[in-house]
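Subject: The structure you asked about

Hi,

Here is the model for you to open alongside this email.

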Amino acid sequence: MAKKIKWGVIGSGGIAGRKTIPEGIVPADNGDLTAVFDTRPEINKEIAQRFGATAAAGIDELLGSDLDAVYVATPAYLHYEHVLACAKAFDEFARQRLQRVAVGVAITHAAPPPPPPATTVSPKPKTEAKRVL
């Protein structure tokens, strides 16, 4: 059997605790929930106990765990900050362990989308109407 993906979840309360963890990560044949973090310690501890994961005391502690992927389930305005933290942690991890080829960060929104490219509209050439008799 292939190696299972070790998941971490930032924002374990809310939708992650109600839907994503119990309906997505836990029943998956190719993944295991390894560590969770939420800013509400009592909820984080309860989610960790319910699903057999480690309750991390902070994002840095979660990212210091032996993870392959992180699901960011915080409010949208925090996604950018949390995804950057994940990217930095996994980049450092990859440098230290060169045998790991790929690491994943599971997100819904990493940053606001870039603005669409500017378009130029060229004016239609003016044509003169000719009167034909």
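Why does Asn-44 count as buried? Its relative accessibility is 3%, and buried means under 20% relative accessible area, exposed over 50% and partly exposed in between, with a 1.4 Å probe and protein chains only. Please keep in mind that this is a predicted model, in which local features need pLDDT of at least 70 and side-chain atom pairs count only at pLDDT 80 or more, while totals for chains, interfaces and linings use all residues. Residues are numbered from 1 along each chain as its sequence is written, and side-chain values use heavy atoms, with hydrogens and water left out.

Asn-44 is found in helix H2; helices (H or I, at least four residues) and strands (E, at least two) are DSSP runs, numbered from the N terminus. The side chain of Asn-44 makes a polar contact of 2.9 Å with that of Ser-12. Such a contact is a pair of N or O atoms within 3.5 Å; within protein, one must be able to donate a hydrogen and the other to accept it, and residues adjacent in sequence count only if both atoms are side-chain atoms. Leaving aside neighbours within four places in sequence, Asn-44 is in contact (heavy atoms within 4.5 Å) with Ser-12, Val-36, Phe-37, Asp-38, Ala-55 and Ala-56.

Now for the rest of that helix. In H2 (residues 41-51), Asn-44, Ile-47, Ala-48 and Phe-51 are buried. They sit on the same side of H2 because they cover an arc of only 100° around the axis, taken from the directions from the helix axis to the C-beta atoms. Glu-42 and Gln-49, on the other side of H2, are exposed. The buried residues pack against helix H1 (15-25), strand E2 (31-37) and strand E3 (54-55). Just after H2 comes Gly-52, with a positive phi of about 70°.

The sheet is next. It is open and has 4 strands in the order E3-E2-E1-E4, with parallel pairing; two strands pair if DSSP finds at least two bridges between them. E3 and strand E4 (69-72) are the edge strands, each pairing on one side only. Strand E1 (residues 5-10) is joined to E4 by 4 bridges, and Ile-10 has Val-72 as its bridge partner in E4.

Two helices lie across these strands. H1 lies across E1, E2 and E4 and runs at about 160° to E2. H2 lies across E2 and E3, also at about 160° to E2. For these angles, axes are lines fitted to C-alpha atoms, for helices over the stretch in contact, and angles run from 0 to 180 degrees between N-to-C directions.

What about the nonpolar cores? A nonpolar core is a set of buried Ala, Val, Leu, Ile, Met, Phe, Trp, Tyr and Cys residues joined through side-chain atoms within 4.5 Å. The largest has 14 residues, of which Val-9, Ile-21, Leu-33 and Val-36 touch the most other members. E1, H1, E2, H2 and E4 each give two or more residues to this core. Apart from it lies another core of 13 residues, among them Phe-37, Ile-59, Val-83 and Cys-86.

Finally, the whole chain: there are 4 helices and 4 strands, following the pattern β-α-β-α-β-α-β-α along the sequence. Of its 133 residues, 32% count as buried.

Best wishes
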